[in-house]
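Please open the structure in a viewer and keep the selection tool at hand.

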Amino acid sequence: MVNLIIDNKKIQIAAGTPLIEAARENGIDIPSLCYKKGLPHYSSCMVCMVKDNRTNKYIPSCSAAVEDGMDITASGDDIEALRREAIELLLAEHRAECEAPCKLVCPLGLDIPQMNRLIADNDMRSASELIYDSLVMPEITCSICPGYCEKACRRKMTDSNISIKALIKYVSLTYAPDKPAGKKQTKKIAVYGKNTEAGMITRVLENKGYTVDPSGNIENIRPEFDASVITEPGLNISEKINASDKYLFREGDIAGMNGMYVFYTSEDGDDKEKQDVRKLGRAKRKALAIAAFLETGEIITDNKRFNSTLGKIDETEKKEWLKECREGLQRWDNPDNRTKAAEEASNCLHCDCRAKDDCRLRELAEETGAANPRLKLVSHPVEKKINKSNKLVFENAKCIKCGLCIRISADLTSDTSLCFKGRGSMTIVSEPLTVTFDEILKNGIDDVVNICPTGALKKMEQ
């Protein structure tokens, strides 16, 4: 056993333990992208840097073993700055986008690539549920939208955009889901106002399981309700509230009126927004914030997630995106049946990342406040490799060369696996020179895919 200090905490642990494990076992979190307990270390990401106060030097904690008398600093502004810089260096070579442009521009945040995948797989019911969950009132929201998604669609760089609005219309009307059962909530909510936003807020709260009364009459405050939502400027119940009472102003201060929460959702400038669909998008976000507050007692802000971007796209990259689209598929401007809808959706390039919801690189970019580099270095092949036998997709441009897939596959399977190829800055992860990509990883593929900290390795059906 050795004795050491990490962040002023005295620790006794077995000699030879990796420093990162000594910290984690004692409640001190040190992030990493290239480390996995039980695998040989390979210091490449440098996200786990800590400071050895004895030597005043910074060291990677994944490859440093504990020593008796160590005094380590694993947090603080200087450490955070080093980790942020390491993340930004990785992002500079990470040619990937977390979210597809079509989803980013949708005022209500519909995951359009995922919708297209479901439709292409003929899972119309799930696609419809996704549409209603995001658009809430697709019969209104999509009909009044000028089609931001279709304008942003990257497929039109090759021929024409995916008929997204037509797909939404066909699926949502033909396969409308039953009214969401949801978890029945005990709180009752009154919504005051007769505008479209009031309708959106009412529908969202009902979908969340609340009993909602869209009374619209501000003169008759319902004391038996747990909350009131005021959706229009000029509707003011402040004269009905004692001076000592507080209420929720524009998702700001929290308090109540005789035990009732009052939410003002109208904002300065709401009436200046020309696009009604954007107003509905804001109303949806406010309704979700109200529901979250009633459940948790906390105001949960709708923070935008970190999003890696590509920058300029050349002709070679455009062709690589087409690899997941079957050749010879017909295009449909108005897909009015199941077959046409599935065929049109299958033409989607899926330029979002399959790992957008479980990418460790994205999570650490958010945690460290890393900036997305404006210019991406093209230091990796942009080729998209697809293994036809096991449906493995490998996108080297997303790879951070952590080597985890190589190290774990050596233990899991005797089959030919991925390896490092090249030297120095030209090193890449690849199949060996003597085999094709179709010949690798016939076994143990799930473990190899799951250990990847980015979306470089994924199965096609995901």
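The stops that follow begin with confidence and then turn to cores, loops and a strand.

This is a predicted model, in which local features need pLDDT of at least 70, side-chain atom pairs count only at pLDDT 80 or more, and totals for chains, interfaces and linings use all residues. Residues are numbered from 1 along each chain as its sequence is written, and side-chain values use heavy atoms, with hydrogens and water left out.

**Confidence**

Colour the protein by pLDDT, the predictor's confidence in each residue, from 0 to 100. The mean pLDDT of the protein is 86, and 88% of its residues reach 70 or more. Among the elements, helix α8 (residues 164-174) has the highest mean pLDDT, 97, whereas strand β10 (residues 256-257) has the lowest, 44. Helices (H or I, at least four residues) and strands (E, at least two) are DSSP runs, numbered from the N terminus. Next select residues 241-258, over which pLDDT stays under 50. For this stretch the model has 42 contacts (heavy atoms within 4.5 Å) beyond four places in sequence. Where pLDDT is low, the predicted coordinates should not be read in detail.

**Nonpolar cores**

A nonpolar core is a set of buried Ala, Val, Leu, Ile, Met, Phe, Trp, Tyr and Cys residues joined through side-chain atoms within 4.5 Å. Buried means under 20% relative accessible area, exposed over 50%, and partly exposed in between (1.4 Å probe, protein chains only). Select Met115 and Ile119, the residues with the most contacts inside the largest core, which has 57 residues. Helix α10 (residues 276-296) supplies the largest share of this core, eight residues. Apart from this core lies another, of 39 residues, including Ile400, Ile406, Ile408 and Phe437.

Return to Met115 and display its surroundings. Not counting residues up to four places away in sequence, Met115 touches Leu110, Ala127, Leu130, Ile131, Ile164, Leu167 and Ile168.

**Two loop residues**

Select Val136, in the loop between α5 (124-135) and α6 (138-141). Although Val136 is not a glycine, its phi is positive, about 65°. Is Val136 buried or exposed? Val136 counts as buried, at 4% relative accessibility.

Move to Lys401, in the loop between β13 (392-395) and α14 (404-412). Lys401 is not a glycine either, yet has a positive phi of about 55°. Its relative accessible area is 16%, so Lys401 is buried.

**A strand residue**

Finally, select Thr211 in strand β7 (residues 211-213). Thr211 counts as partly exposed, at 33% relative accessibility. Which residues are in contact with Thr211, leaving aside its neighbours within four places in sequence? They are Lys184, Lys187, Lys188 and Ile189. Thr211 and Lys184 are 27 residues apart along the chain, and their C-alpha atoms are separated by 8.5 Å.
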